[in-house]
Amino acid sequence: MKNPYRTQNIAFFFLLVATLLIVVPVGLIVIIIIQKGLPAINWQFLSEMPRQGMRAGGIFPAIVGTIYLVAGAIIFALPIGLLAAVYLSEYSKDNMLTRLIKLAIVNLAGVPSVVYGLFGLALFVVFFKFGASILSGSLTLGIMILPVIITTSREALESVPYSFREVSLSLGASKWQTIRHIVFPNAIPGILTGTILGLGRAAGETAPILFTVAAFYLPRLPKSIFDQAMALPYHLYVISTQVPNVDEKTRYGTALVLLALVLFMNLVAIIIRYRFRKKKKW
Amino acid sequence: MRRLKEFIIEKLILVCGLASIFFVVLIFLFLLKEGLAVFKTVSPFNFLFGKSWYPISEPAQLGILPLILGSLMVTVGAAIISIPIGVGCAIYIAEIAPLKIKEILKAGIELLAAIPSVVLGFIGMVTLVPLVKTVFHLPTGLTALSGSIMLAFMAMPTIVSIAEDALYSVPKIYKEGALALGATHWQTIWRVMLPAASSGILAAVMLGIGRVIGETMAVMMITGNAAVMPNSILAPVRTLTATIAAEMGEAVVGAEHYFALFAIGVVLFVISFAVNVTADVCLHKRQ
């Protein structure tokens, strides 16, 4: 009979290998991007307009475009998502409707990003006639991050102890007053975490903005929400695949800026979550 | 007066609660609205099973079988790679890693999950594709295999974190009972905990696969975009998602090509719906 401890050692070795196979490449990817992209990063790169079909100059319009899109997405998704989370955590009963809502959220979370792009095209660009614009792009991205906001906000609201609500209600406050003054403020760190994670996701997505807003080469800043805009993810895609002879470090530099932006947002969200857990008063 | 204000606010909250159902239905309806129009020119059978995708030739040939096979090949390849490694990693993190390393590993996985797909596609393009080309002596490294490997990387964080949750929520009594009866740690994991967490692990795998099916940018950049029937995993392919992304720019609004791309969108929506609902049912059955 085989020694079970030997089997265990072999098995654990393979499990360690599996883990390293995931974690080591991640580190390598980040290192490669930093190493090859850092030479391209200087103040000119970050603040100038692109020239010569993006072979020279900077990526400023792409950075600005991404910021506008993400801001628009949040303006749309946060109010609706937050109120939907309030509904799910405070007002919903355990019935078929609630199951349907949860199912719908799971679905929205799983829809491929390119299908969101199609939907944005059909609804905002064509049907509402907004055209390819920051408005269309932001709304599309907003719907895409809605499930993230709803889910994390709901968890944050549900983690406020029930006793808080009971005390408030017993002192004569109405349900909405309780939510607004007691539950909500205590859930803000969790809601903030979820929002920032949603922002990070919106900043990095390419497919939803392909047909709804992204411009190929726009060496000026957008002037209104009905303008097209450049965006960092789309810019990276274009200079990697469509434009020949772009300097290698420009490509890596763009990837680095995008990666840094997204990772920074995630880091902020994680820090907020961590400090919130430490400071919890209950 | 305050009663009225509260009433309005509470109705507003209800409307927002229903918003997600509203959006899902809206997306499905708009996709159908444009997608069904393609069936005026081609029958559903020919669309789904036709072997040629030449939408801009006259007459247009709109069979999406090459695209379905492309998606299928890349997905199955990614699954074969990501399921053993992902579940193995989840077991390692949940059961074997020392506490301090556990936090670092989990952070590393979260980091991988946060990287935008276009960045992973870019890295795949500059590192993986040339590697595949030299290792297999191919004319080009833009193949289904490269796509599978990269997509496996995207699926693994999802698989690892949900499977790890599933393992974590196996009741401690099971584990302690097995150990008390003399089983080694590995025997406990293999024969007690994994079966107990199986529905959660299954859900993790399905959600990971769901992510792979829906991935667009990375595949566009590394699978070669050849919309023909693939004959091996070392050939360029094109997936359903990449087709939409690549061709929508050329399709005129209201033209047959345009409707065909929306029909592909409907197919993708239905597939992701099925996968996500099944995964969700699995996750809740466990409780």
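Tutor: Two residues are in contact if their C-beta atoms, placed from the backbone, lie within 7 Å. This is a predicted model, in which local features need pLDDT of at least 70 and side-chain atom pairs count only at pLDDT 80 or more, while totals for chains, interfaces and linings use all residues. Residues are numbered from 1 along each chain as its sequence is written, and chains are lettered from A and ligands numbered from 1 in the order in which they are written.

Student: How many residues of chain B are in contact with chain A?

Tutor: By that criterion, 65 residues of chain B are in contact with 68 residues of chain A. On the chain B side, helix α13 (residues 256–285) gives the most, with 10 residues; helices are DSSP runs of H or I with at least four residues, and strands are E runs of at least two, numbered from the N terminus.

Student: What makes residues on that side of chain B nonpolar, polar or charged?

Tutor: Ala, Val, Leu, Ile, Met, Phe, Trp, Tyr, Cys and Pro count as nonpolar, Asp, Glu, Lys and Arg as charged, and the others, Gly among them, as polar. The division is 47 nonpolar, 14 polar and four charged.

Student: Why is the set containing A163(B) called a nonpolar core?

Tutor: Such a core joins buried Ala, Val, Leu, Ile, Met, Phe, Trp, Tyr and Cys residues through C-beta atoms within 7 Å; buried requires 20 or more other C-beta atoms within 10 Å of a residue's own. The largest core has 194 residues, and A163(B) is one of those with the most contacts inside it. Its largest share, 17 residues, comes from helix α3 (residues 60–91) of chain A.

How values were computed
A residue is buried if 20 or more other C-beta atoms lie within 10 Å of its own, exposed if 12 or fewer, and partly exposed in between; C-beta atoms are placed from the backbone.
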